[in-house]
Amino acid sequence: PLGCAAALAAIAEMEDNDLPTRARITGDYFKAKLLELQARHPEAIIEVRGRGLMLGLRFASRTLALSLVTDLLKRGLIVLPAGPGDILEFTPPLIIETAQIDFAVQQMDSALSATCSSQA
């Protein structure tokens, strides 16, 4: 009964706050920001993929993607490698704010600029 009550409360919260619509709108914003990031670093980011808030960046190399995992952790972001290691996946909570997305993209931009300039 306790587990069922918790599940029903979670479903009610999702319905009351229309979290699926929020995920779509916020996900569209996040994806647009990632596409802008790709435009600034076309040599590093091969593809922006995903739907809603489940998004990913495919990088030119596994080495680059994995080095960004460590660098971004130092900058306050937790990202996980996916696929064969050349993809970083993002699965933020449904209640993420656009300011938090902006911070994350800014940190990724800085990390990519630092990493790509050191490899040149």
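Accessible areas come from the Shrake-Rupley method with a 1.4 Å probe, and for residues only the protein chains shown count as cover.

**Figure 1. Overview of the predicted chain.** The accessible surface of the protein chain comes to about 7,100 Å². Carbon and sulfur atoms hold 60% of that surface. Buried residues (under 20% relative accessible area, with exposed over 50% and partly exposed in between; 1.4 Å probe, protein chains only) make up 35% of the 120 residues. The C-alpha trace spans about 60 × 25 × 25 Å along its principal axes. The model is predicted: local features need pLDDT of at least 70, side-chain atom pairs count only at pLDDT 80 or more, and totals for chains, interfaces and linings use all residues. Residues are numbered from 1 along each chain as its sequence is written, and side-chain values use heavy atoms, with hydrogens and water left out.

**Figure 2. Order of the elements.** The chain has 4 helices and 4 strands. Helices (H or I, at least four residues) and strands (E, at least two) are DSSP runs, numbered from the N terminus. From that terminus on, the elements run α-α-β-β-α-β-β-α. Contact means heavy atoms within 4.5 Å. Of the contacts with a separation of 6 or more, 61% join residues 24 or more positions apart.

Figure 3. H1 covers residues 2-16. The expected span of a helix is 1.5 Å times one less than its number of residues. For the 15 residues of H1 this gives 21 Å, and its end C-alpha atoms are 21 Å apart, which agrees. Asp18 follows H1 and has a positive phi, near 45°.

Figure 4. Two strands pair if DSSP finds at least two bridges between them. Strands S1 (residues 45-51) and S2 (residues 54-59) run antiparallel and are joined by 6 bridges. Ile45 has Phe59 as its bridge partner, while Arg51 has Met54.

**Figure 5. The open sheet.** Its 4 strands have the order S1-S2-S4-S3, with antiparallel pairing. S1 and S3 (80-82) are the edge strands, each pairing on one side only. The twist averages 30° from one strand to the next. S2 and S4 (residues 87-90) pair over 4 bridges. In this pair, Arg58 stands opposite Ile87.

**Figure 6. Helices against the sheet.** Axes are lines fitted to C-alpha atoms, for helices over the stretch in contact, and angles run from 0 to 180 degrees between N-to-C directions. H2 packs on the sheet and touches S1, S2 and S4. Its direction makes about 175° with that of S1. H3 lies across S2, S3 and S4, at about 40° to S4.

**Figure 7. The largest nonpolar core.** A nonpolar core is a set of buried Ala, Val, Leu, Ile, Met, Phe, Trp, Tyr and Cys residues joined through side-chain atoms within 4.5 Å. The largest has 28 residues. Phe30, Leu34, Leu57, Phe59, Leu88, Phe90 and Met108 touch the most other members. H2 (19-40), S1, S2, H3 (62-74), S4 and H4 (98-119) each supply at least two residues. H4 gives the most, with 7 residues.

**Figure 8. Contacts of Met108.** Neighbours within four places in sequence are left aside. Met108 is then in contact with Phe30, Leu34, Leu37, Leu57, Leu72, Leu77 and Phe90.
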